[in-house]
Amino acid sequence: MVHRATGWLMLVCLGSAACLYLGPLAQLVGRRHLVAMVHEWSGICLPVPLLSGLLSREFRADLRRLNRFAAYDRQWLNAVRRRRSGPEARPAGKFNAGQKVYAGWIAGAVLVMMFTGLLMWRTGFLPDISRTSAIFVHDVLAWAITVVVIGHMRKAYQDPEARRGMRTGRVSRSWAARHHPRWLEECLGDEGAGPQRTKER
């Protein structure tokens, strides 16, 4: 639920930004003031799903997993760089090293975007920082976020079972053994059962 709500807000934020900055889209959509409001408020609301998710013990446990790099994460990243696949080459817990890097990067990028967006919106908030500087950082980071989010969606599109796991909270044991073997070991050790709980919230 947190992932889905954040994803939709991010898409609305990026889509409204495209309608503001790309001339042909701006002419096609019109209503610039309304689009600007949608962009501002979708950006401001981006952290709301995450903050709501903190009420859940399971979500807090997932955040701790995302924030903790293990020794095997370096092996996973090296295997990606050398184009090696397979559970032996790419050991991963509930979240692989790529997902951990993505989560940390996008969380930091959203905070910077909110800060620079606030400076553009309320010019007197920090008068020592020029609006031009805020716009430059906001625009450059917006393109970087667009590229990274498209890459994230492309990876999800290539793995139907990962998408099913996000929709239903369940994945097969064979899929977990192939992509998240350390998580499967953790589940078997804790419960004597396969990973039937949510892979990603």
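I will start with the ground rules, then go from the whole chain to single residues.

This is a predicted model, so to speak of a local feature I need pLDDT of at least 70, and side-chain atom pairs count only at pLDDT 80 or more, while totals for chains, interfaces and linings use all residues. Residues are numbered from 1 along each chain as its sequence is written, and side-chain values use heavy atoms, with hydrogens and water left out.

First, the overall picture. The chain has eleven helices and zero strands. Here helices (H or I, at least four residues) and strands (E, at least two) are DSSP runs, numbered from the N terminus. Along the principal axes, the C-alpha atoms fill a box of roughly 55 × 35 × 35 Å.

Of the 201 residues in the chain, 30% are buried. Buried is under 20% relative accessible area, exposed is over 50%, and partly exposed is in between, with a 1.4 Å probe and protein chains only. The chain exposes about 12,800 Å², and carbon and sulfur atoms supply 62% of that area. The areas come from the Shrake-Rupley method with a 1.4 Å probe; for residues, only the protein chains shown count as cover.

On contacts, meaning heavy atoms within 4.5 Å: take those in the chain with a separation of 6 or more, and 58% of them are between residues 24 or more positions apart.

On charge, the chain has 30 positive and 14 negative charges, and their mean positions are 3 Å apart. Lys and Arg count as positive, Asp and Glu as negative, and His and the chain ends are not counted. Each charge is placed at NZ of Lys, CZ of Arg, CG of Asp or CD of Glu.

Which residues make up the largest nonpolar core? There are nine: Met10, Leu46, Ile106, Ala109, Val110, Met113, Leu141, Ile145 and Val149. Helix H7 (97-121) and helix H8 (131-157) each supply at least two residues of this core. The largest share, four residues, comes from H7. By nonpolar core I mean a set of buried Ala, Val, Leu, Ile, Met, Phe, Trp, Tyr and Cys residues joined through side-chain atoms within 4.5 Å. A second, separate core has six residues, among them Trp175, Ala176, Trp183 and Cys187.

Now a charged pair. Lys94 is in the loop between helix H6 (71-81) and H7, and Asp62 is in helix H5, residues 57-66. Are they buried or exposed? Lys94 is buried, with a relative accessible area of 6%, and Asp62 is buried as well, at 3%. A polar contact of 3.0 Å joins their side chains. A polar contact is a pair of N or O atoms within 3.5 Å; within protein, one must be able to donate a hydrogen and the other to accept it, and residues adjacent in sequence count only if both atoms are side-chain atoms.

The loop between H6 and H7 also holds Pro91. At 5% relative accessibility, Pro91 counts as buried. Not counting residues up to four places away in sequence, Pro91 touches Tyr72, Gln75, Trp76, Pro181 and Arg182. For Pro91 and Tyr72, which are 19 residues apart along the chain, the C-alpha atoms are separated by 6.1 Å.

Arg83 is in that loop too, but Arg83 is exposed, at 77% relative accessibility. What is phi of Arg83? Phi is near 60°, a positive value in a residue other than glycine. Most residues other than glycine have a negative phi. Arg31 also has a positive phi, near 45°. Arg31 lies in the loop between helix H2 (23-29) and helix H3 (32-44), and is exposed, with a relative accessible area of 66%.

Gln99, in H7, is partly exposed at 22%. Met166, in helix H9 (residues 160-168), is partly exposed at 24%. Met166 and His3 are 163 residues apart in sequence and 8.2 Å apart in space, C-alpha to C-alpha.
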